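Dear colleague,

I am passing on the structure below, together with notes on what turned up when I went through it. Please read the notes with the model open beside them.

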Amino acid sequence: MKAIRYITLGLVGVLALGSCSDQFLEDKKNYDNVSKDVYNYEEGCEARLNDIYSWCLPTVSDATWQYPSMGNADICSKSTEEYSGFSDFVNPELELSSTESGTSVPDFIMGNKANIQQSVYGRIRNINDCIAGISGGTLSQEQKNKMLGQVYFFRAWCYYNLFKWYGGVPIVTDVQDPVEGTTNPRQSARKVKDFILSDLDKAAKLLAPFTMNGGWGASNWGRVTTGTALALKGRVLLLWCSPLFNRANDEERWKSAYTTMKAELDSITACGYHLYQDNGANGRAFSTMFAQSGVNPEAVFVTLYNNIVGDGLDTQKNNVWESKIRPANANMSSGGKNASAMLVDMFPMKDGKIPAGTGTYTKLETSEDAYDNTVPFQDRDPRFYRTFALPGFRWAYSGDATQFDPNNPASSTDYTLWNYVWYTDKNDQGNVESGESYAADNLLNRKSAVYVRKKSDDADANSPLYNFSNTKSGPYFSAAPLIELRYAEVLLNFAEVACGAGHMDEAVEQLKKIRERVGYTGDCGLQANLTSDQAACMSAILYERQIEFAYEGKRFDDMRMWMLFDGGTELPTGAPATWKLTGWGGNTCTWLGFKPFNGQRRENMEFRLNDSFGVGGKTFDSDPLYTVEVKQLAADEGITEKEVKEKYTYYQVVAKARPKGVDLRKDLTSQLETLNKWYKTNLVRGLKKGDAYNSQHISEYIDFRPKYYLLGFPAGVSDAAKQLPQTIGWEDYNNGGAMGTFDPLAD
């Protein structure tokens with residue numbers, strides 16, 4: 001799909017889940033400003049379809065009712081190993097409530113009921129209007145099918161995003177006007193699942209003539225296809241098989257999903273999808289696939305962007321991810337996302353196995369390569385270098401950040417991240433809570449210790465789609481696409497159902513494909529018993545997903561599906577016996593050999609100059625490394641320190657004391673050895689506070705309550721939709737705070 005200007009002919013009405021006030025009806029009398037005649041013209045139907053795309057496509061945003069998590073440090077990703085800092089879901093001092101506003105459970109089901117485009121069921125009403133309008137219009141059946149297939153997909157997409165949170169929700173298939181007394185009962189999870197699958201099957205069938213011969217043409221690249229529908233179908237089937245919805249581990253679910261997904265793999269590939277390949281060094285494909293503005297076989301469900309620049313232009317659709325992850329000295333913002341030490345330390349070693357000492361996946365073999373966490377970049381899986389950025393690694397881009405601040409590094413095409421820190425007071429150096437550290441190269445107090453590099457539009461990997469520009473519009477002119485569902489997920493979803501159905505050999509085949517893409521060969525570092533030990537195989541799949549999809553917003557869904565916070569051993573208040581986990585030995589964590597996430601905490605790290613450098617100040621040129629090197633140059637050249645500073649810039653001086661930045665375009669062996677020695681001589685890895693301490697500065701630990709696996713409705717939703725029963729485990733706002741009675745798992 002071209003980077004088109006989306007024409008909004010949106011409906012102004014809204015479907016209320018419950019009754020509406022008289023004033024609301026008075027304000028919204030004209031709740032459908034789209035003439036039905038618009039559906040008799042191809043241009044009108046295309047405009048309505050584009051409107052559906054514009055409101056339904058994922059964006060680079062935090063998780064909301066409208067958008068899934070895409071890897072930001074939001075309520076979802078901060079409930080995983082990826083970031084530290086308690087989100088509301090894992091905060092031990094906060095229990096989410098369905099009756100109190102101050103600690104309210106998030107609203108993923110209503111949104112803004114007064115605005116159709118900002119309302120869950122308003123958006124569904126918009127889709128239903130489009131389905132009815134196109135179906136009843138005068139276009140040819142072929143034209144109708146091409147458009148209806150896409151609209152059915154988006155209705156399924158909307159319901160999938162409700163299903164994964166609540167299980168059972170109201171199903172609305174017609175265009176209901178917002179009148180008093182309109183009600184729609186809450187359906188079971190099974191019925192919602194069946195409805196989603198039905199819409200996806202319709203979408204796949206209708207789009208087959210147009211997309212199963214290699215996909216859409218280049219001018220329509222980015223539109224959903226038969227393969228998109230079937231890939232989302234696989235995700236839904238996997239979710240239905242998972243412990244979240246399959247407490248007794250019904251093997252028939254796994255077998256049925258396996259049979260269906262295996263049969264439909266060919267249809268997905270017929271749409272032109274496959275693993276993106278790139279012969280560059282050090283897993284380059286794992287970087288370049290996220291920055292392909294043209295046709296990309298990896299991108300099964302994708303949002304396209306452009307780098308058009310201008311104040312207020314409605315054609316401007318820039319991807320802001322790059323501006324959020326870039327360090328502050330290559331950006332205009334505070335810059336950077338700070339990766340937790342937990343995930344950094346968990347990434348595989350270069351032999352493909354988990355580092356010894358993590359204690360997380362006990363059924364997976366640990367690496368024979370020793371892991372030295374003081375130099376965490378040494379001998380790691382190729383994806384490590386494309387996921388994280390540490391001091392001493394090149395991270396080139398396009399632009400000139402000195403336009404914004406003359407003290408920033410001048411060369412973007414030779415940019416190397418140097419974010420080691422120093423303290424202004426030696427007594428602070430061992431204080432994990434101290435913020436009195438300052439980072440090199442003008443980062444100062446706007447620094448992260450380990451930057452998230454994932455999905456970077458990296459100039460060392462491709463022609464950059466990101467360009468720093470010091471304008472009032474901001475430095476976020478990136479045309480990099482946002483991939484919500486990758487072909488790698490298609491393979492790993494299939495691997496998971498194959499394992500669950502007892503076909504571990506086929507599951508391992510998919511793991512090998514994923515690893516071969518980044519350079520593994522032979523057994524790809526996978527232990528021999530994965531084809532015979534189902535629990536070990538499933539554990540390996542979940543570990544692979546964690547690594548492959550880090551910072552893509554997928555981990556929290558996996559952790560909920562497999563109940564990895566407590567193994568599913570605890571039940572929410574009022575839960576029936578049918579909610580008890582009887583499959584997987586009654587504890588998914590024990591069965592998988594996974595250390596429960598509850599009771600753990602995530603920390604951060606820093607790399608500071610060692611004690612021999614002393615302390616520094618709060619300015620960019622108070623870097624103690626610079627100070628030491630100035631003294632050395634003065635002695636070497638027989639001039640004063642003042643003359644050294646007049647003769648050389650800060651960056652010329654410190655360059656003499658640092659190794660060249662690690663270049664991922666070249667062989668890493670000698671480069672990493674050089675950087676390793678430099679770290680050992682100059683830096684110390686320090687512990688920094690990640691998750692919170694209490695008021696007595698005592699460590700607190702992750703606490704995900706069992707009722708969070710299936711969410712309840714917040715008070716605002718219950719008040720607006722009084723006919724909807726509350727989920728078991730959550731207090732009912734409409735019933736004096738009595739426990740909810742709706743069982744989404746009941747048939």
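Which elements do the buried residues of α13 pack against? They pack against α7 (251–270), α8 (285–288), α11 (382–387), β10 (482–486), α12 (487–500) and α14 (534–548), where helices (H or I, at least four residues) and strands (E, at least two) are DSSP runs numbered from the N terminus, and buried means under 20% relative accessible area, with exposed over 50% and partly exposed in between (1.4 Å probe, protein chains only).

Before going further, please note that this is a predicted model, in which local features need pLDDT of at least 70 and side-chain atom pairs count only at pLDDT 80 or more, while totals for chains, interfaces and linings use all residues. Residues are numbered from 1 along each chain as its sequence is written, and side-chain values use heavy atoms, with hydrogens and water left out.

Helix α13 covers residues 504–517, and its 14 residues reach 20 Å from the first C-alpha to the last, close to the 20 Å expected, the expected span being 1.5 Å times one less than the number of residues. Its buried residues are Met504, Glu506, Ala507, Val508, Gln510, Leu511, Ile514, Arg515 and Arg517, and just after the helix Gly519 takes a positive phi of about 115 degrees. In α12, 14 of the 14 residues are buried, so this helix is largely enclosed by the rest of the structure; just after α12, Gly502 has a positive phi of about 95 degrees.

Most residues other than glycine have a negative phi.

Leaving aside neighbours within four places in sequence, Trp562 is in contact (heavy atoms within 4.5 Å) with residues including Pro243, Trp254, Glu496, Trp584 and Trp591.

Asp557 sits in helix α15 (residues 555–561) and counts as buried because its relative accessible area is 14%. Not counting residues up to four places away in sequence, Asp557 touches Tyr160 and Lys164, and its side chain makes a polar contact of 3.2 Å with the side chain of Lys164; a polar contact is a pair of N or O atoms within 3.5 Å, where within protein one must be able to donate a hydrogen and the other to accept it, and residues adjacent in sequence count only if both atoms are side-chain atoms.

Six of the six residues of strand β11 (residues 604–609) are buried, so β11 is largely enclosed by the rest of the structure. This strand pairs with β12 (residues 683–688) in the antiparallel sense over six bridges, pairing requiring that DSSP find at least two bridges, and Phe607 has Arg685 of β12 as its bridge partner.

Finally, a search of the whole structure finds zero disulfides, a disulfide being a pair of cysteine sulfur atoms within 2.5 Å. For Cys45, the nearest cysteine sulfur is that of Cys130, 7.1 Å away, and for Cys76 it is that of Cys158, 17 Å away.

With best wishes
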